[in-house]
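This report describes selected features of a predicted model.

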Amino acid sequence: MELETKNKIIANYNMFFYATTCHVCKRFGDGVCLKKCGGCKMIAYCGRQHQKQHWSQHKSLCKATQDVLREFRLEDYSVTSEEWDDKKLNLILLVSFKLGRPLEIYEKEMFQFPRECTVCHEQDGQLLEDCQSCASVSFCKYHKDSIKHEHTCVPLELCFHSNLLFINGENNTLDLHYLQHVCDTDTFRNMNDFINTYGNIQTESEMLYNILAARHSQYITRPLTLFHAMQILDYVPQRKDLVIHVVAANYIEETTLMTWEILLHLIKATISLVVIMIGPELKYKSNPLRICDNCMLQKKKLSLEFHDVLYENYVRNPLFIKPDLVVGFNAGIHEHISNGETWTPSIQMLMKQNCPLILTCYMQKELEQEINRINTILDRKVNYLYSGKNPFASLRPFRILGPEQVFYQNHYLIVYRSLCS
């Protein structure tokens, strides 16, 4: 499959890596002859020119990889898929240590997603055949008719073309003005329904529509997820001022701030919305947002606060404001057990707020892990109101190690009426 990148200069080609494409121009398929790097044998180019163009950036990683692979080999195909993925993660750590710096995202992807049979992990290029649609998956001659790829090819193809469109700088300006026309009398059942109704995406290309819909969803999944959780809770604000705490907030929350106004449109009784972002990874200190003319006429207000600390520290801060609702988007509470138990005091503080808690996660298996971790921290079984798929999850797929192969932000949802119950 020839992509429309043959004569284009892609400045941001290091944003992502695919083992079946030329790393620089991202072309792939039967019409493209790729040659692996003779050193690390993990990255490929369509010709000498593109290999030379990337060499100054690849040289140090190439040498470190060769040094590590003299002792660490990915050749034991008899291990389970989980063990195979663990070997890849260990290889990343070893190369990073050898290199003396953390790997870039695309460099990690070189080890996470090498050209190999997705069933048996065979890496001999002479035995492999690549999927001509998604550019993500290869099969050896024994597994080329495998049905394992049927359910992941479409989302992986969307992931690849979303990445490609982004680095080409096309359609990267997102018009979200349609959000000001959403009101509390509107009905929508899920993310697709919402975007089909309001997104105003004008294109005859199904792929481009799906890419743009996925990008829109990345921005609006957070406020819509919270609104959906409020409906599950049958939550009616007791005051005209609504205070929301966003725990474990990070740069993703910082890049989607302008969409929180939608709650002023959907929650009729709310006049003032205060969204407080709390998390040690935050960079913003303040970010004034201009709300739409209609909200201004109704004298509605939206204010944002940022606190780059753990939740327990924010609660002890003199600037603390008691929340009406608390939400954690893809917070990963279960992932930080070995990292100083940073979540234990924060969960205890969340319990003391005695208000609804909404959590999201990427994978179904994380649902039980999050629930179990909270139960362990509080030393009792905490009843939840809902646990399952989130109809307002992001539509944008991302690659991941494991049988799922892709994940979506806020894919699964847990709703607690309170951690006190």
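## The second largest pocket

A pocket is an open set of grid points, on a 1 Å grid over the protein atoms alone, with protein on both sides within 12 Å along at least five of seven lines. The second largest pocket of this predicted model has a volume of about 800 Å³. Its lining comprises 30 residues, of which Lys 36, Lys 41, Met 42, Arg 115 and Gln 123 are the closest to the centre.

Strand E1 (35–36), helix H1 (48–69) and strand E3 (128–130) are the elements that each give two or more residues to this lining. The most comes from E3, with three residues. By residue class, the lining of the second largest pocket has 13 nonpolar, seven polar and 10 charged residues.

## Helix H6

Helix H6 spans residues 206–233 and bends by about 55° at Ile 220.

After H6 comes Asp 234, with a positive phi near 55°.

## Aromatic contacts

The structure contains 15 aromatic pairs. In one of them, the ring centres of Phe 16 and Tyr 18 are 5.5 Å apart and the planes lie at 85°, so the pair is edge-to-face. Phe 16 and Tyr 18 are both buried, and together with Phe 28 and Phe 160 they form one aromatic cluster.

Charged groups also sit over rings. The charged end of Lys 87 lies over the ring of Phe 72, 5.4 Å from the ring centre. That of Arg 396 lies over the ring of Phe 398, at 4.4 Å from the centre.

How values were computed. Residues numbered from 1 in each chain as written. Predicted model: local features only at pLDDT ≥ 70, side-chain atom pairs only at ≥ 80, totals over all residues. Heavy atoms only, no water. 1 Å grid on protein atoms, 1.4 Å probe; cavity = no way out; pocket = protein on both sides within 12 Å on 5 of 7 lines; lining within 4 Å. Points joined across faces, edges and corners; volume = space filled by probe spheres on them. Helix = DSSP H or I, 4+ residues; strand = E, 2+ residues; numbered from the N terminus. Nonpolar A, V, L, I, M, F, W, Y, C, P; charged D, E, K, R; others polar. Bend = angle between axes of the 7 residues up to and from the residue. Phe/Tyr/Trp six-rings, centres within 6.5 Å; stacked < 30°, edge-to-face > 60°. Buried < 20%, exposed > 50% of the residue type's maximum accessible area, 1.4 Å probe, protein only. Lys NZ or Arg CZ within 6 Å of the ring centre and 35° of its normal.
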